[in-house]
Amino acid sequence: MKKTKAALLWDLFITFFKIGAFTIGGGLAMLPLIEREISERKKYISKEEIVDAFAVSQSLPGIIAINSGIYIGYRVAGIAGAVVTALGVILPSFIIILIIAILFSTVSGNIYVTKALTGVKAGVAGVIAVTVVRLGKSVVRDIFALVLAVLAFVLTTWLGIGIVFIIAGGALAGFLYYYIMRMKRNDTD
Amino acid sequence: MILIKLFLVFAKIGLIGFGGGYSILTIIQRELTERGWISLQEFSDIAAISQITPGPIAVNAATYVGYRIGGFWGSVAATVGVSVPSFILVILAARFILRFKSSRVVESCMKGIRPVTVAFIASAAIFFALESFINLQAPLYINWGPFVFFAGAVLAAAFTKINIILIVLMAMGAGLLLC
C-alpha cells in the first residue's frame, strides 16, 4: 500500500522532529539516529544514499543536521519534503532554547552541566563508532575504498585538512580509479 | 533594523560555516563579539547551553543569541537566517546528484566520496572521545569512568535494540551520577 503524500510528509516531519528533540550532542550525534530511523527502520532510502546525504551535508556550508534533513526530505518527497524535514529538525531546538533563554541567564561552569556533558560525549562517541562500522560495511567494498577511508581519516583527524578538499580528493580518486580503470578493462576485453 | 541585521548576519554564518556545529560556534563567536552584540562570558553560556540541550548546536546558538538580541522575533530571524543558505545549496546539490546518478562519471566520483565520508564520521567519534575520556596531553592516561560509558554505548548500540536516544540519555545520567 502506497502512502499518500500528506501521510508521507507528516511521517517525515515527525521522524525528524523526534530526532531533533532527543539527540543531545549536536548534528554529528544525530547521524546514527538518522541512519537507523530513515534507512534501517523505515527504508526510505538505502545505506549508500544515506552516506551520499552525509557527504553533501558535510561538504556544503551550514548545519549538518539541517543539511542531511533537507537532502533526505528532498530525495523522498521533493521540495515539500525538504521543508518539513528542515522544520522538524529545527523546531524542537527552537522551542527548548527559547524556554531556557527566557528562564535562565547563566549555566556555563555549572558542575552538573560539565558532568552531564562528559557523559553525553562518551555515549555519543560510542553510538557514532557503531554507525561507522555499519555504514562502512555497506560502502567500503574493496581495498581501494578502504585505503581512501583510512587516508581521509588520517588527513582529517591528525592533519586537520579541510573536509571540502578531502571530499574533492575522494571524488577525483573515485573518478580515476573506478571510471578510468573500467574503461581500460573494457578496452582489453 | 535589528531583525534584518540578525537575519543577514546569521545567513552569512550559514553560508561560510563549514564543518558543522563546533566550527560554526567559533564563527558565531567572532561575528557577534566583534559587533559588540554579546560578551565573551555570554558566549560561553551560549556554547554550554547549546551542547547540553537537544538539537543541532548551531540552531541552538542561533535561537539563543537571537532571543538575547531581538526577543522572540530575533530568535526567528536568526534561526531562519542560518538555515536559508543550507536550503538553497543542499537542494541544488541533491538535484544535481539525483539527476546524474546514472552517469558513470558521477557514480564513480560518489564511489570515491562515500568511504571518505564514513571516515569523517569516524573522526567525529574520535572528537567526542577526546572531549570526554582521552587526554591529548597524556594519551596513555584514560579517564576510565567515561570510557566505561563509551564501551557500554558501543555494546548497547551494536548488540541490542535499545533506542539510540535512550543510550545517550543513559550515558548522560551516568555522567551526572558518577563523574
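This is a predicted model: local features need pLDDT of at least 70, side-chain atom pairs count only at pLDDT 80 or more; totals for chains, interfaces and linings use all residues.

Trainee: OK, so how do H4(A) and H4(B) run relative to each other, parallel or antiparallel?

Mentor: Their axes cross at roughly 165° and come within 10 Å, so H4(A) and H4(B) are roughly antiparallel to each other. Axes here are lines fitted to C-alpha atoms, for helices over the stretch in contact, and angles run from 0 to 180 degrees between N-to-C directions. Helices themselves are DSSP runs (H or I, at least four residues), as strands are (E, at least two), numbered from the N terminus.

Trainee: And is the crossing of H4(A) and H4(B) left-handed or right-handed?

Mentor: H4(A) and H4(B) make a right-handed crossing. A crossing is left-handed if the near helix is turned anticlockwise from the far one by less than a right angle, and right-handed if clockwise. By class, 19 nonpolar, 8 polar and 2 charged residues make up the contact of H4(A) with H4(B). For those classes, Ala, Val, Leu, Ile, Met, Phe, Trp, Tyr, Cys and Pro count as nonpolar, Asp, Glu, Lys and Arg as charged, and the others, Gly among them, as polar.

Trainee: Zooming out, how many residues of chain A are in contact with chain B?

Mentor: 91 residues of chain A are in contact with 86 residues of chain B, where contact means that the C-beta atoms of two residues, placed from the backbone, lie within 7 Å. On the chain A side, H5(A) gives the most, with 23 residues. That side divides into 64 nonpolar, 21 polar and 6 charged residues.

Trainee: Which residues of H5(A) make the contact with H3(B)?

Mentor: Val113(A), Ala116(A) and Leu117(A) of H5(A), and across from them Ala48(B), Gln51(B) and Ile52(B) of H3(B). The two helices pack at an angle of about 45°, with their axes 10 Å apart, which makes H5(A) oblique to H3(B). That crossing of H5(A) and H3(B) is left-handed, and its contact residues are 5 nonpolar, 1 polar and no charged.

Trainee: Switching to chain A by itself: how many helices and strands are there?

Mentor: Chain A has 7 helices and 0 strands. Its C-alpha trace spans about 70 × 45 × 25 Å along the principal axes. Of the 189 residues of chain A, 52% count as buried. A residue is buried if 20 or more other C-beta atoms lie within 10 Å of its own, exposed if 12 or fewer, and partly exposed in between, with C-beta atoms placed from the backbone.

Trainee: Give me an example. Why does Phe16(A) count as buried?

Mentor: Because Phe16(A) has 31 C-beta neighbours inside 10 Å. Phe16(A) lies in helix H1 of chain A and touches Gly69(A), Thr85(A), Gly88(A) and Val89(A), leaving aside residues up to four places away in sequence.

Trainee: At what angle do the axes of H1(A) and H4(A) cross?

Mentor: Roughly 40°, and the axes of H1(A) and H4(A) come within 7 Å. That makes H1(A) oblique to H4(A), and the crossing is right-handed. The contact of H1(A) with H4(A) has 17 nonpolar, 7 polar and 1 charged residues.

Trainee: What about Lys43(A), buried or exposed?

Mentor: Lys43(A) counts as exposed, because it has 8 C-beta neighbours inside 10 Å. Lys43(A) sits in the loop between H2 and H3 of chain A, and its phi is near 55°, a positive value in a residue other than glycine. Most residues other than glycine have a negative phi.

Trainee: Last one: where is Asn163(B) found?

Mentor: Asn163(B) is in the loop between helix H6 (144–159) and helix H7 (164–178) of chain B. With 14 C-beta neighbours inside 10 Å, Asn163(B) counts as partly exposed.

Key. Residues are numbered from 1 along each chain as its sequence is written. Chains are lettered from A and ligands numbered from 1 in the order in which they are written. Angles under 35 degrees count as roughly parallel, over 145 as roughly antiparallel, 65 to 115 as roughly perpendicular and the rest as oblique.
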